[in-house]
Each structure stands twice: as C-alpha cells, then as structure tokens.
Amino acid sequence: MTIMTDKLKHIITAAGLALTLTSCSDFLEILPMNEVVLENYWTEKNDVNSVVTSCYETLESGDFLTRLGVWGELRSDNLRLGASVPNEINEILKENLLPSNPLCKWEVFYRAINRCNIVCHYAPGVQEIDPNYTIEEMKANIAEVSAIRALCYFYLIRTFRDVPYTTQPSIDDSQTYALPATPFNAVLDSLITDLEKVKDDAVRRYYPDESANAYQNSSRITRWAIYAILADLYLWKGDWDNSIKYCDMVIDFKREQYKEMLEREGNVNNIALFGDIPMILEKPIGSTVCGNAYNEIFGEGNSFESIFELYFRSNQQQQNSWVNSYYGSNNNIMGRLSAPDFLCKDVAQGSNTIFKRTDGRVYESSQLENSSYAITKYVRRNVSYSTQNVTKDADLNLQSSRRASGDANWIFYRLSDMLLIKAEAEIQRGEEGYQRAFALINTVNKRANDVTTTSRSDTLKMADYVSSKISMEELLYEERQREFMFEGKRWFDLVRIARRDGNNTRLVSLASRKYIENVNAIKIKLADPNIIYFPYFKDELKVNPLLKQNPAYGNEEDNEITK
C-alpha cells in the first residue's frame, strides 16, 4: 500500500509544463515514474524549472484554492450561508462536519508536496550534468519548493492537527508509503528546520521593480516569502523572538523598497510612512476619495505590500475557484457565501461594534443585498468612496466595478501580516511589548481609517488597551478580523487562540456569533477540544490503517453527504 494519491504517469515538457497526472485514490499515491522516462528526463535546467512551475500550478488548481478558503475561513464567524450553496459547504456552515464530506480530502495538497519532494530529489543530479545549471540556481530551486511544501504542510496541520509527513518523493516501486500521522508540533518543528536550512538560498528578486515582469517578485517564492512563512511558523510554535526577528526582516525590506522607489521616481503619492512603516494610502495625496489601498492590493494585485500571492490573469484557463464562490449568478450580487450582520451592519451609522464608521475595509469588502451582506473583497476590481462626514450609507457615494470572472490573485502574505504577527508576538512576550504591539496594530488601523498626519485623529487610544494582556489580545484579534476578513485566515486565528488558551472558551464565544439557529447545540459541539480540527476523510482510513480518526468524529464516518 502506498500513501500518494495522484498517479504520475508521464512527464511532458511542451509549453514549459511538466506533469500530467490522473487522480486515483484519496491519499498521496503517486505511481513511480517509468524508468525510460526518467533516463530521458532530469538532464537539464529546463526540466527542473518545468516541475517547479507545476508546483505552482497545483496551488492554483480549483481543489487547492477551495480548500484554502474552506479550511481557513468557512467555520469562522466571518461567513454565513449565501445563495445556492453546495451541500458539502452548507453542512460545514452548520457545524455538521462529517468524515464523508469531500472537502476533507487532502489529495491535492499531497500532490503539491510530492512534486516539491521530486524537485529536491532530482535537482542536485541535474546540476552535476548540466553546466548551465549553477549551484546557486539549484539551491534557489530547492529553497523555492521547500517553501511551497512547508506552506502545504502548514495548512494541513492547522486543519487536521496530526498528518502523515514525509520529504521523500514517491518514485520507486520498492518504497512503502503507509505512514502514521506525525504530531502537530513535530511537523511544525520539521518545517522550521527545513526552511532555516534553505532560507538564504532563495532568490531576492526575480526582476527589477520597474520591469513588466516584476509581479513575479511576489507571485513566486522569494527570500522574503520564506521569512514571512518562518515568522508565522514561529508564532504558532510560541517562539516570540524568532517570529519578531523574521517580521522585522520583511518590514526592513519594505522600507528599502520604498526608499528605492523614492530615489527612482522622486515622489510617491500613493504610499506614505505611518511612523517608519511605508503603507499604501487609502486616499493618495491630492485625491478626495478613498479606495486606493483596496484597488492596489486586491484589485490590481502584486502591490507594493505583497509578499506572496498566487497570480491569475483574465485570459488564463484556470480561475480562482474560491473567489468565484463570492460571485452571484446572472445579475444577483449574492454569491454562495455571505457575511454575518454583526460584522457589516450599520457601520456608516456608527452603531457597529467591530468597525468605526470611517473604516473603509467594511465598505470595500461587503455590500448589502436583500437584507444580507454579499462579499465583495477580491470580487471588485476597483472601488471609490468618501468617509468624510458619514452618518448613513448614502453619504459614502460609493462607486465600484466588478470582475467578470475569478481572475483575482490569492494573497498568502502581505505587509499587514508581518505587522500583526509581530504585534501578536510582542503581546505574548509580556507587558514590555504592549506599547510596541499597539503601535503596529494602530498602523494598520490608521491606514484603513485614512488617518494621516494631515487628517483625522486616531480611532484607537492606547490607554484603552495596554492595561492588560487580555485587552491587548482582543484588540489584536479584532484588528486581524477587520484586516483579513474573507482572506482564509480567521478560523486558523481561532484555532491558534484555543491552542494557546488550552481550551475552546474564546473560540466558542467568537465562532458562535454568526449563528441564529441551534446556537446552544453548536456551542456545546464546539467545546470539544478535538472538534476544532477537521476529520480525516473516510476513504483515507480504508487505504491507510495507520491513520486513527479524530475522536470527535469517530462514530460518524458512515454518514454520507450528497454532493
């Protein structure tokens, strides 16, 4: 028995692509490559580059992107039922998550992992026989796919807790790949160790910032992307000093980038320093309307603040399938999912408890449609509005245009991540870090509320929060919710809270806010410490007897969901 699900049948090099795969079972099963194919492949640099490209293609696939959204967002307090929801999504929204739900399948993640493992295995051999493939290029490729592999495993452990872990490729009939689940912390430590070894081998930039191809500096793994991943991994590990160290390295790079822009262009009217941190302005210098930060970060993509995101184009066949779930059909704005009222209602009127009336993020990311709130983050190509003297929605004079299809990039890490990861680590280090944490949180908040040195006052007051750790944590998680809503991060934030607390009390209180029906029953269910993780898909237990089901779902694997 093997553990690789995808059958790797041939390798093709046409059009710069690498692999064609045929799905087989539901766990990491890849048929060993034909020996004749291997003899004719892995002989030159282009062979390695082609398989590296295929790793990104797997990340852009519909199955992968859907799981980024489902696993990281769907169970959180950010999402509710929209229109025409597939049953497997609806069941998760109701916290009726069963091992028979197809969204518990992890096949596509292990497909990406195995492709990364294959590159790490063969690249050194190619370097030995191809004089055009330098040691530096080989190390950069290994660093690149190591980071992709780490991201895949990071999503898996945050979703399932303990998962089968291997860095060995499936290429040989003699190999046995039935593996038990490796504990969460052991996988986390291994990911950190792997990235620490290769982090400084990664490419700094692929193209100059003024190049037409400069988007690749944030749509491929760079050294800064690896630093961002390490900052996040260390945060989950509880190593606050290292988390802060890597955040600072990325933040320093953004400062250098901003300085270069000023030297090259002389004047930059859409970016300004908030303290000593450069951020894209909601209202550029000389403009009277807000929306610029949204337009650059989510509308155009690959913005100054981007660290790593998946790149999509309107003319490519593959679309961002998760963002497509935010779209309605025909003329209906409402997609499959919606936002709960408490998150979006009556912001302009000043009575919302999450957002201040000047906070543009809620207006950019949601829209009232027939008494429910449609999700517009990533959906809108551009937006403009005014938050001056707002007392009702009409005062915003909001204008927007929507994408015709799901060609929005998907962002893994951007500058706001680094500021708020660092803030969280500062809070956890103790009272001496509270003021530094507040300054970082306030930087993100000030940009969103169009607070500059020449405009309105801050909406956050430090004295309201620095008196206690719990107040600082609540401020941080509220800001993360405001900044990253609908970006596939919120449920993982709640899981991290529960892991650190050692109980689900805060998770239950926050996650249950979106429910209107069966609230008490859902609270009771969510109180189980095991329930915050997804079950292993039922077929995995059949093909791998070394896997043991999450005890929260142990007696339900025969219950079927109709697709």
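Axes are lines fitted to C-alpha atoms, for helices over the stretch in contact, and angles run from 0 to 180 degrees between N-to-C directions. The views below come from a predicted model, in which local features need pLDDT of at least 70, side-chain atom pairs count only at pLDDT 80 or more, and totals for chains, interfaces and linings use all residues. Residues are numbered from 1 along each chain as its sequence is written, and side-chain values use heavy atoms, with hydrogens and water left out.

**View 1. Crossing of helices H5 and H6.** Helix H6 covers residues 135–160; helices are DSSP runs (H or I, at least four residues), numbered from the N terminus. The axes of H5 and H6 come within 9 Å and cross at roughly 160°. H5 and H6 are therefore roughly antiparallel to each other (angles over 145 degrees).

**View 2. Residues between H5 and H6.** Among the H5 residues that meet H6 are Phe 109, Ile 113, Cys 120 and Gln 127; the H6 residues include Met 138, Arg 149 and Tyr 153. The contact (heavy atoms within 4.5 Å) divides into 18 nonpolar, three polar and one charged residue. Here Ala, Val, Leu, Ile, Met, Phe, Trp, Tyr, Cys and Pro count as nonpolar, Asp, Glu, Lys and Arg as charged, and the others, Gly among them, as polar.

**View 3. Helix H2 against H5.** The axes of H2 (residues 45–59) and H5 (residues 107–129) cross at roughly 165° and come within 9 Å. H2 is therefore roughly antiparallel to H5. Lys 45, Val 52 and Leu 59 are among the contributors from H2, with Arg 111, Arg 115 and Val 126 among those from H5. Eleven nonpolar, two polar and three charged residues make up this contact.

Definitions and conventions
Helix = DSSP H or I, 4+ residues; strand = E, 2+ residues; numbered from the N terminus. Parallel < 35°, antiparallel > 145°, perpendicular 65-115°, else oblique.
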